[in-house]
Structure formats: structure tokens, C-alpha cells
Amino acid sequence: MSESDSNEKHSLVHRLFRISVFIKWIDGFLEFLAGIFLFIIPVWRITQFLHSVVRPELSEDPGDIFANAALNLAQHFSLGVKEYAAIYLTIHGAIKVFLMSALIKNKLWAYPFSILVLVAFIVYQIYRLIIHYSTGVLLLTILDIIVVGLIW
């Protein structure tokens with residue numbers, strides 16, 4: 001492998017790293033915002049919104065997987081679930097925004113610390129997947145694994 005091939009490969013990996021870190025930053029920011037909204041919006045309002053979105057879809061296709069999942073969420077959405085989700089999303093999102101910002105700024109301490117934190121998130125997300133499968137959590141876990149590999 002020539003030196004120019006090695007530099008091109010390194011450049012590609014670095015670009016993928018920057019893109020994945022930026023995606024994780026956006027993901028963290030959206031999680032943080034979702035957590036804040038959950039703190040503010042009452043449970044009945046969230047349940048009402050989910051029902052209003054799902055009803056028309058279920059009238060067209062009663063077997064719609066996503067609509068049925070949203071209806072199930074609406075039926076089991078309690079104050080405890082809301083508070084847990086709000087706290088989890090706010091803290092999880094803030095940590096990711098902080099760490100990804102440090103990686104974007106190329107802070108050396110952020111590399112090993114980000115790996116440790118993301119591995120902890122991955123372990124927790126795998127635990128959550130075992131208890132209750134979620135495609136969204138699976139996709140976020142895969143993205144976290146890719147980001148850890150690129151940070152490494």
C-alpha cells in the first residue's frame with residue numbers, strides 16, 4: 001500500500017468519524033429537547049396527540065405495525081413512564097452533546113471518555129433490547145457501536 005493510499009484511507013475514516021460524531025451530536029440534541037418537552041407537556045396531552053395521530057391510520061389499516069405500537073404506547077403512557085423518559089432523555093442527550101462537542105473540538109481527553117460513556121450506553125441499550133425490543137434503540141445502538149469504532 002502506497003503512502004497516498006494510506007493517506008486517502010485515513011482521510012476517509014476521518015471524514016466518516018466527523019460525520020458520525022455530528023450525527024450523534026444531533027441525536028443527543030434532539031434527545032435533550034425531547035426530554036425537556038416531556039417535562040413540560042402533561043401526560044394527557046401526549047396521550048391525546050398519539051390517539052389523534054393513530055386513529056386515522058388504524059381506520060385505513062388495522063394491522064399497521066407502527067400505528068399499533070403508537071397506540072400501545074399511548075395506552076401504557078403513565079406519569080412514571082413520562083418522568084423516567086424525560087429524565088433519561090435529558091441526561092442522555094446532554095451527555096452526548098457535551099462529549100460530541102468535545103470530540104468535534106478535538107479535545108484529547110474526550111476520546112477515551114467518550115468510548116467509556118458510549119460503551120456504557122451500549123450495554124444499557126442492549127439490556128433494554130433484551131427486556132423490550134425497539135427498532136429505534138437497536139438503530140441507535142448500532143450507530144453507537146460504529147461511533148466507538150471510529151473514535152478508537
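1. Contact is taken here to mean heavy atoms within 4.5 Å. Leaving aside neighbours within four places in sequence, threonine 141 is in contact with Ile122, Gln125, Ile126 and Leu129. Threonine 141 belongs to helix α6 (residues 135-151); helices (H or I, at least four residues) are DSSP runs numbered from the N terminus. Its relative accessible area is 4%, so threonine 141 is buried (buried is under 20% relative accessible area, exposed over 50%, partly exposed in between, with a 1.4 Å probe and protein chains only).

2. On provenance, this is a predicted model, in which local features need pLDDT of at least 70 and side-chain atom pairs count only at pLDDT 80 or more, while totals for chains, interfaces and linings use all residues. Residues are numbered from 1 along each chain as its sequence is written, and side-chain values use heavy atoms, with hydrogens and water left out.

3. Helix α5 (residues 110-131) has 22 residues and should span 32 Å at 1.5 Å a residue; its end C-alpha atoms are 31 Å apart, which agrees. The expected span is 1.5 Å times one less than the number of residues. Among the buried residues of α5 are Ile122, Gln125 and Leu129.

4. Helix α2 (residues 43-60), with 18 residues, reaches 27 Å from its first C-alpha to its last, close to the expected 26 Å. At valine 54, α2 bends by about 30°, and proline 56 follows within four residues; the bend is the angle between axes fitted to the seven residues ending there and the seven starting there. The buried residues of α2 include Val43, Ile46, Leu50 and Val54.

5. Which residues lie nearest the centre of the largest pocket? They are Leu73, Arg128, His132, Ser134 and Val137, among 31 lining residues. The elements giving two or more residues to this lining are α1 (3-40), α2, α3 (65-75), α4 (79-104), α5 and α6. A pocket is an open set of points on a 1 Å grid over the protein atoms alone, where a 1.4 Å probe fits, with protein on both sides within 12 Å along at least five of seven lines; lining residues have an atom within 4 Å of a point.

6. Asparagine 106, in the loop between α4 and α5, has a positive phi of about 60° although it is not a glycine. Most residues other than glycine have a negative phi. At 47% relative accessibility, asparagine 106 is partly exposed.
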